[in-house]
Amino acid sequence: MSNGAGHRQKHSTSRELSRRRLLELGLASAAASPLLLRAGRASAQSGTGGAQPTVTKTPTGELKNPAELKAPKTKASAPTTISFWQYVGFHVDAQKFIAEEYKKRHDPNLTLEITAYPGLNEQRVGVKSAFAAQSATPDIVAVEPGAYAVDVYTSGSVLDFTKVFAEDPEYKRGFWPNALELLTINGAIVSVPAVTNTVIVYYNRGIFQQHGLEVPNTLDELKKIGAALSAKGIMPIAYPAGQDRNFPIFPYYTYVGGIKADKLMREADLGLKPWTSPELVAGAEFVEMMAKSGLYAKGPLGIKEPDAIQIFATGKSAMFWGGQWMRRSIRAALPPNFDLAIFPFPAVVPGGHKSVLSSVGITLTVNARSKYPDLAFEMIKALTGPWGKIEYTRNLGLSPNGPISADAIAYQMQSLKDPLYPEFLKLQPTGTTRVIFTPAVEEAMTQGMQAIITGQKTPKAVMESVEAASQKVGARKFRTG
Amino acid sequence: MSAAARRRWRRNLTGYAFAGPALIVLAAFLLYPVAYSVSLSFHEWDGYTPRWGPFVGFENYRALAADEVFWRATWNSIVFVVVRTPLEVGFGFLLALLLNHRLALRSLLRTFFFVPVVMSLIVVTIIFQRVFEPNTGLLNTFLRVIGLGDWAHPWLGDPATALPAVIAVSVWKNVGFSLVILLAGLQGLPQDVIEAARVDGANAWQLTLRVITPLMRPILALTALLSIIGGLKVFDLVFIMTRGGPTYSTEVLATMLYREAFELNHMGIASAVAVILVALVLSIARVQTYVLDESPEGGKA
């Protein structure tokens, strides 16, 4: 984001907008939306996300969801309950709301029973046990893109969407192409995303302004900001690398995305290219440079998300490197006068582009042994289709799984008071996927990045160990995209 | 069948009838899973397909023997037990000796030391994650306040200190359990022996070292056994606090088992780890039982 853009953001998002300005924005967005949608589809080829029209709030009156909750092709002939096992507790309300509306409007016999496991690990263990026992429950399964999706599909445990998309091509067009590409295994789309997510840098605009700092565009600028903040006794970036096994890899993904080596990384993941190629080793060197740069709050591997949020919310750090999914937790922790803003991580190489880590969040698929596969697919269509995606993301403030109209955004902003939401939507087109499909490679990457951050191994040694893990897996039994 | 044999058979049948339900439960929920796990350790299986993969003999065990993470996890499990058990039993015994006296607030202190045992492990780990947080954590803040800021450290983020930090939490959480068992043991000691030692002129130190400690040996051994088994099985504490990291520095056998089974889909290897873990626990239990049998109360002396 340029300095100018940062300035624009200040005026357009974080402060109350005048009625006139809202009207202008709404009209401009509505006029621009068809063009932007086309642009979004095109740009989505290079990232998980895509462009969304720009709009902030409703100009006048009470708006309604502009999309239609379409009638299903199949309905339950008698009272039927389908089960859904997922792992993100804060999604439940949104899912319940959509399922209830679907029941009310189209299928009074159908009830969705949602089991929200406390986390991915617990849900994955439960799902694995159910599949091994050839259970018909759950009917709908939430899976993470990457290894989880590969495991459930290649074991024959879930159905793919080939038939569903063939019958309803419009439904397929509602998703960002790259999001679906990420979920395409052995030529079939095995699950569909409920939302998309980005990883960005949250920053405390108050601290930036107080110390005369501008949003950085390049790595050098970021380093200068870090030095200036450290000199004032403020930690530059709270980075919760201890949160899970994915966080330590974020800097690596950022670099790879920044030099547009995503495809190379994917090929290495699939065992088709070596992890020791110069570009991929350079990613590990970037991780090392960042760890030694003094930009992170001390001991990132000992910091979890709640700790990092606390550090950031109390003004002890000026920036927070985290995901869009943490927006609510961050907001909840902030004092009322906190001026929260976001920017994409600066370009990692001179003249390079700003890489925004992006991924589909929770994705939905159907148990191959479900007694009601058609009803399950219809429910997934309700949750992720044109009407559902608007309600889903209105509830959560996460980015939609595909393009939505300016009217839809205006409708969402009626209840979604967060001015950062449109900012996140703007960042979608530059998304770099942060998914590794091969479990052993992901494990080697996690451990390797930890070893680099703690100074135990050199970047080259780490990438050699990742390559060794990749070779040990041998030829993959799957292909992606 | 003679009348005596019939009577014996009827008596035995009654015994089996009473023990039957317990035996069925034991067989269904203990023996069968153990046998299943042992059998699975000789197969390949990803955990998703209904049928196991091919029989691979000792391949899973050979893979473990060649895996440095397995040796790291084994070593960490041993360190965990070797460091935790003496601390837990030692502190527990000291506190039990202290609380065995007629102190003011004795009941309150006993409750105070027992509270961590009944606290939810999740709550404990979340509290200690905050305590050990490198920048704003309680421990480092305290060190800075008392002028020892140089000692401030990313306790859970540094491979050198992550395992000791986790062990410290484990000791804090479990010392109350040892205390309660040992206190009950102390209160059940034959008072005539202790009085006789006092009459013979033994001071407090001699009384503790020469009389009470030998008498407490079976209870100390039992407490140590429970601590060792608990230490070898430790999973939740490590998994929540560090997930075995950073760089496997806190990986123990149970977390490795989980990782192999549910993250890497190597159910056969995970079962092999489980078999090794059970074998370790059983061997230690056997050694400990032998020590107990050698004790004055054990019958062999």
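Predicted model: local features only at pLDDT ≥ 70, side-chain atom pairs only at ≥ 80, totals over all residues.

Reader: How many helices and strands does chain B come to?

Author: The tally for chain B is 12 helices and 0 strands.

Reader: Why is chain B said to be more spread out than a compact globule?

Author: The idea is to compare the radius of gyration with what the globule rule gives for a chain of that length. Chain B has 301 residues, for which the rule gives 19 Å, but its radius of gyration is 24 Å, so chain B is more spread out than a compact globule. Its C-alpha atoms fill a box of roughly 75 × 65 × 30 Å along the principal axes. Within chain B, 34% of the residues are buried. Take the contacts between residues at least 6 apart in sequence: 65% of them join residues at least 24 apart.

Reader: And what is the secondary structure of chain A?

Author: Chain A comes to 21 helices and 15 strands. It has 481 residues, and 56% of them count as buried. Among contacts in chain A with a separation of 6 or more, residues 24 or more positions apart account for 82%.

Reader: Which domains is chain A divided into?

Author: There are two entries to look for: domain 1 covers 80-194 + 361-404, and domain 2 covers 197-358 + 435-473. Notice that each domain is written as two stretches of the chain. Their C-alpha centres lie 30 Å apart. Where they meet, 9 residues of domain 1 of chain A are in contact with 12 residues of domain 2 of chain A. The domain 1 side of that meeting has 5 nonpolar, 4 polar and no charged residues.

Reader: How should I read two helices that pack together?

Author: Two numbers describe such a pair: the angle between the axes and the distance between them. The crossing of α3(A) past α16(A) is right-handed.

Reader: Which residues meet there?

Author: From α3(A) come Q95(A), I98(A), A99(A) and Y102(A), and from α16(A) come M379(A), A382(A) and L383(A). By class, this contact has 6 nonpolar, 1 polar and no charged residues.

Reader: Now for the two chains. How many residues of chain A are in contact with chain B?

Author: On the chain A side 34 residues take part, in contact with 27 residues of chain B. The elements of chain A that give two or more residues to this side are α4 (120-132), α5 (147-154), α14 (305-313) and α20 (439-453). Sorted by class, the chain A side has 13 nonpolar, 12 polar and 9 charged residues.

Reader: Let me pick α14(A) from that list. Is it mostly covered or mostly uncovered?

Author: Mostly covered, with 7 of its 9 residues buried. The buried ones are E305(A), D307(A), A308(A), I309(A), I311(A), F312(A) and A313(A). Their cover includes β8 (195-204), β9 (235-238), β10 (317-323) and α15 (327-333) of chain A, together with α5 (121-132) of chain B.

Reader: What follows α14(A)?

Author: G315(A) does, and its phi is positive, near 75°. G315(A) lies in the loop between α14 and β10 of chain A.

Reader: Why does G315(A) count as partly exposed?

Author: A residue needs 20 or more other C-beta atoms within 10 Å to be buried, and 12 or fewer make it exposed. G315(A) has 16, so it is partly exposed. It touches N204(A) and I207(A), leaving aside residues up to four places away in sequence. G315(A) and L229(A) are 86 residues apart in sequence but 11 Å apart in space, C-alpha to C-alpha.

Reader: Could you show me one more loop residue?

Author: Look at T276(A), in the loop between α12 (262-269) and α13 (278-292) of chain A. T276(A) has 16 C-beta neighbours inside 10 Å and so counts as partly exposed. Not counting residues up to four places away in sequence, T276(A) touches V281(A), M463(A), E464(A) and E467(A). Between the C-alpha atoms of T276(A) and A468(A) the separation is 9.9 Å, although they are 192 residues apart along the chain.

Key:
Residues numbered from 1 in each chain as written. Chains lettered and ligands numbered in written order. Contact = placed C-beta atoms within 7 Å. Helix = DSSP H or I, 4+ residues; strand = E, 2+ residues; numbered from the N terminus. Nonpolar A, V, L, I, M, F, W, Y, C, P; charged D, E, K, R; others polar. Domains from an automatic or database assignment. Rg over C-alpha atoms; globule rule 2.2 N^0.38 Å. Left-handed = near helix turned anticlockwise from the far one by under 90°.
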